[in-house]
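Q: Can you walk me through this one? I'd like to go topic by topic.
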Amino acid sequence: MTLNSKIPSGSLESKWKTYKSTCKLVNPANKRQLEVIVIGTGLAGASAAASLGEMGYKVKTFCFQDSPRRAHSIAAQGGINAAKNYQNDGDSTYRLFYDTVKGGDYRAREGNVYRLAEVSANIIDQCVAQGVPFAREYGGLLSNRSFGGTQVQRTFYAAGQTGQQLLIGAYQALERQVALGNVKQYSRHEMLEVVIIDGKARGIIARNLVTGELERHFGHAVLLCSGGYGNVFYLSTNAMGSNVTAAWKAHKKGAYFGNPCFTQIHPTCIPVSGDHQSKLTLMSESLRNDGRIWVPKKQGDNRKPNDIPEEERDYYLERRYPAFGNLVPRDVASRAAKERCDAGYGVGASKQAVYLDYASAIERYGKVEANKLGLENASAEKITELGKGVVEAKYGNLFEMYEKITGENPYEVPMRIYPAVHYTMGGLWVDYELQTTVPGLYALGEANFSDHGANRLGASALMQGLADGYFVIPYTLGNNLADDIRTKAIPTDHPAFVAAEKEVNDRINKLMSIKGTESVESFHKRLGKIMWDKCGMARNEKGLREAIEEIKALRKEFWSNVRIPGDINEFNPELDKANRVADFLELGELMCMDALNRNESCGGHFREEYQTEDGEAMRQDDNYMYVAAWEYKGESQFEMHKEELVYDVVHPTQRSYK
Amino acid sequence: MEHYHMNLTLKVWKQKNKNDKGRFETYEVKNISSEMSFLEMFDVLNEQLIAEGKEPIAFDHDCREGICGACSMYINGRAHGPWHHTTTCQLHMREYKDGDTIVVEPFRANAFPVIKDLVVDRTAFDRIIQAGGYISVNTGNAVDANAIPIDKHNADEAFAAAACIGCGACVAACPNASAMLFTSAKVSHLALLPQGEPERTTRVADMIRQHDKEGFGGCTNIGACEAECPKGISLENIARLNREYMAATFRGGSKNSI
C-alpha cells in the first residue's frame, strides 16, 4: 500500500481553511443514525466524544478507569501552548509552527503542524468558555509562562495542574452529553479487539473489567484516543494502567505503526530510589523557568549541595547553551544530564541525578517583593521569606509533591532530578484526517504519531490532544462518514464479531491456562530493563540487536511461565495487566527494530554512532527524512513503508540552541 | 533523610464481590523500605501472595502521583491515611516503624458499593456531575479568551475548588457519608466564574437532588471532609453551596422542575 498523507494542496496557510470549507458534511438527521466508538477518555477522547455528541452523532466511550475523569491526561502539569501573542512578545501561528517543527528535529509533517498551531488559539477560547480556571493576572486577563525550545511566553497554565483542569473541562462537556443521551459511557472497560467488516473498522470487542464478560459494540467508525506506550519501559511517568493494547490490536489488524522508536525522555523527574519503585514522578518543565540546573565541577564530590560554593558549581546547560540556557528542549536537556552523570559528576546516593536549584530564584523574587513593599534595607532572611512566598504561589504543589516523595524540603535544599520516560511521539500512522491505514479507524492525541516529529516540545501534548478532539475530528470524520449514511448499524451477531470475540476469548483462556511461576509484574520489570538499557536515552546497533533477541526470549518465557491468579469471570487486575504486558512484549521488539533501522540521531532518538564532536544529535537527512510506517506481517515480522517528508516552507538545518 | 527497613502486620479487608459479606485478613510483610510509597508496600505484599499461590488484594490506583483520584484506602481509621493533604499513593512508609500493625479498609458508604476487596464503585460522582456540573457551551462557540476578564481572587478561588480529584475521601470520612464537599466544590468552581452564571440556579438544585438520590447523607457541618481532603478543598465551599441552594429555591430553579 502506498501511504497517502492526504495533505491538501495550496499554501501552508490555506490548507486547513480550504479543507474545512470544502469537506463533505453529514446532515443532522443522518448524524443521528451514525454511531461512533471512542476508546479512551483523556483530552483527545473526551473532547472528541463531547464534540461529536454535541453535533448529534451517537457516541459510545470506553475507558479502563472507574471514571473518564481519571484518564492520565489528568497528570499533565505545566501547561498548554497557544499562539495568542497575549504577551506581545512576537508570537504568531507561524512561530509556533516553526518552533514545533524545529523542536521535532524536522521529522514532522508541515501541514499537520501548521494546522495544530492554527487551532491552538481556539482551544484556549473553548476551555475558558467551559470554565477552565487558568492562571490570571491582577487585571483579570490570562497569564503565560515559558517552556523549553521557545523564546516567547505562550504557555497557559493552572498552577501545576493544567492537565487536570483541561481534562475536567472536557469531562464536564462529556458528562453533559451523557446526560443528554448523546453519549453512552462505559467505564472499567478495556478494548481488546477491533472488528473489521469489508475492510472497514466497524466495532470492537471490549472486556467488562468488573465481571470479566466480553462485549460486542458496533460503530460506523472507531476512534482510538488511548494514549502513549511509555509503560513499555516499566518505569515511566505514565499511570500504572497506561498501555498500548488498543493501538496494538489495531496495528495487528492492519493499522501501520509510525516511528515507534521515537520516545521522549523528560529531563526533570524524581530519581529512582530503589528496586521497589513502581513509577517515576515528573517535576514539571515549568520549573526550568526559574530553577537552575547544576552539578559540582569536581567529580565524585560528596559535599552537601549547600556546602558547595558558587564557583565550584557547573551550570552546564547555561554553559553549553547560552541562548536557551535552562530552557533547551527536553531531548537536549536529558542528554546533557546523562552526559554529566556518565562522566562521574552525578549527585545523590545513586550518582544518577543532577541538582535543580531554586536558591537564586528565591533571592531574585524576594528582592522584587521587598521593592514592591518599599523595604529598603530588607534583611537576607526577609528577602528569602518573601521569595519563598512567590515560588510557593507559582510552584507550591510541585514542591509539596517533591517533599512527600523524597522527604526533603526543596525550598531549603536543591531538588535532585534525573531524566525518565515520559511520552511517545511515535504511534499509529494517520493521514491528515487522523485516519489510520484501516478505513474507519482513527487515532487521536498521543496514540497517533503525527505532530511532534522526533521530539515533542513541552506544553504541546495538551494542545495536540485537544486540537485533534475539539477541532480536527469533527470535520474529518464527517468528510468520511458522509459516504456511510446508507450503512445501517450492523448486528453484533455478524460472523466478524463472533470471530473477533473468539480470538479474544482464546487468548484470555490461553493466558490463564499457563499457570507458571513468575508474576506479570516481574516480566514487565524485565522487559523495562531491556528497553531502558538498550533502547532508552542512548542506543547503538549492537545493543539493539541484543535487545531484539532478549525480548523474543522473554516473550517466549512469558507465554510458558506467567502466573495469573484468580478467575476470568471476576474483577481480576492481574489478568488485565497480563493482557497489556503481552502486547508490550511485542511492541518492544518493533521499537528496537525501528531504532536499528534509523541510522541517524534525531530528537529523542539518539544513536551513539551518529553524533557531532560536541555530542549533539546528527541527522542524516539524505537517507532518513521519512516517517517509518510499519506493517504487521505476523509474529516478529514487520514490513516498513516510507512516507517521505517534504519541507516546502521550513529549511531543515542542524538544530542549534546555543 | 535516614533510610530504614521494617516488618509490619497488615489487617486488610477482603471481599470477593459486592454480594460477599467480607472480612479482615492478616498478613505479614517483611523488609519494607522506608522509601517505598504505601502502594509500593502493597505491591510487595501482592507479589508475595502471588508467589505463594494466593490471591492478591485488589485496590484502585493509577497515576500514583496524587492527581487521578483513583486510590482510596481507609488506613487506621483515616481516609488516605495519616498525612495531611495526601492521597494514599503519596503516603510513604517513613511514616511507619518496625513492628507496626496497619488496618486497611475500603472507603465505606452506601453510595459506594464494594466491587472487590478495597475497590469501590464511585460512579455516583459521575452522575452528580451529569446532573449539572458543567457549563452548557458547545465546541466552537467561544469568544476570545481575554474577552472575559475575571477578578484574580475569584479565578483563584474557582481553581482551588476545581482542584477536587473526585476520590471520595470526603464521603469516607463523613459519619453521614455525605458527598457535600465534592458537590460543593463543583458548584463553587462554576458559580465563581461569570461563564457559570446563566445556569447558576438550576445547577445547584439539580446536583443536590442527584446527590440525595444516590443515597449520600446530609451535611451536618462536622468538618471531617475538609480535614481528610487530599486537595485541601475548603468547607467554605459548602457554605457557598448552601447560599446558592437557598437562592435557587427562592427562584424555584431546577431544569427538571420547569
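A: First a term: domain bounds come from an automatic or database domain assignment. The model is predicted, so local features need pLDDT of at least 70 and side-chain atom pairs count only at pLDDT 80 or more, while totals for chains, interfaces and linings use all residues. Residues are numbered from 1 along each chain as its sequence is written, with chains lettered from A and ligands numbered from 1 in the order in which they are written.

Q: Okay, into which domains is chain B divided?
A: Domain 1 covers 5-116 and domain 2 covers 123-250. Their centres, taken over C-alpha atoms, are separated by 29 Å.

Q: How many residues does the contact take from each?
A: 18 from domain 1 of chain B and 16 from domain 2 of chain B. Contact means C-beta atoms, placed from the backbone, within 7 Å.

Q: And by class, what is on the domain 1 side?
A: 8 nonpolar, 8 polar and 2 charged residues. Here Ala, Val, Leu, Ile, Met, Phe, Trp, Tyr, Cys and Pro count as nonpolar, Asp, Glu, Lys and Arg as charged, and the others, Gly among them, as polar.

Q: Switching to helices. At what angle do H6 and H8 of chain B pack?
A: About 110°, with the axes 9 Å apart. H6(B) and H8(B) are therefore roughly perpendicular (65 to 115 degrees). Axes are lines fitted to C-alpha atoms, for helices over the stretch in contact, and angles run from 0 to 180 degrees between N-to-C directions. Helices are DSSP runs of H or I, at least four residues, numbered from the N terminus.

Q: Which residues make that contact?
A: From H6(B), B:Arg200, B:Thr201, B:Val204, B:Ala205 and B:Ile208. From H8(B), B:Leu241, B:Glu244, B:Tyr245, B:Ala247 and B:Ala248. By class that is 7 nonpolar, 1 polar and 2 charged.

Q: Now the chains. How many residues of A are in contact with B?
A: 65 of chain A, with 67 of chain B. H6(A) gives the most to chain A's side, 9 residues. That side divides into 26 nonpolar, 23 polar and 16 charged residues.

Q: What about H7 in chain A, enclosed or open?
A: Largely enclosed by the rest of the structure, because 7 of its 8 residues are buried. Buried means 20 or more other C-beta atoms within 10 Å of a residue's own, with C-beta atoms placed from the backbone. A:Trp248 and A:Lys249 are among the buried ones.

Q: What follows H7(A)?
A: A:Gly254, with a positive phi near 120°.

Methods:
Helix = DSSP H or I, 4+ residues; strand = E, 2+ residues; numbered from the N terminus. Parallel < 35°, antiparallel > 145°, perpendicular 65-115°, else oblique. Contact = placed C-beta atoms within 7 Å. Buried ≥ 20, exposed ≤ 12 C-beta atoms within 10 Å, placed from the backbone.
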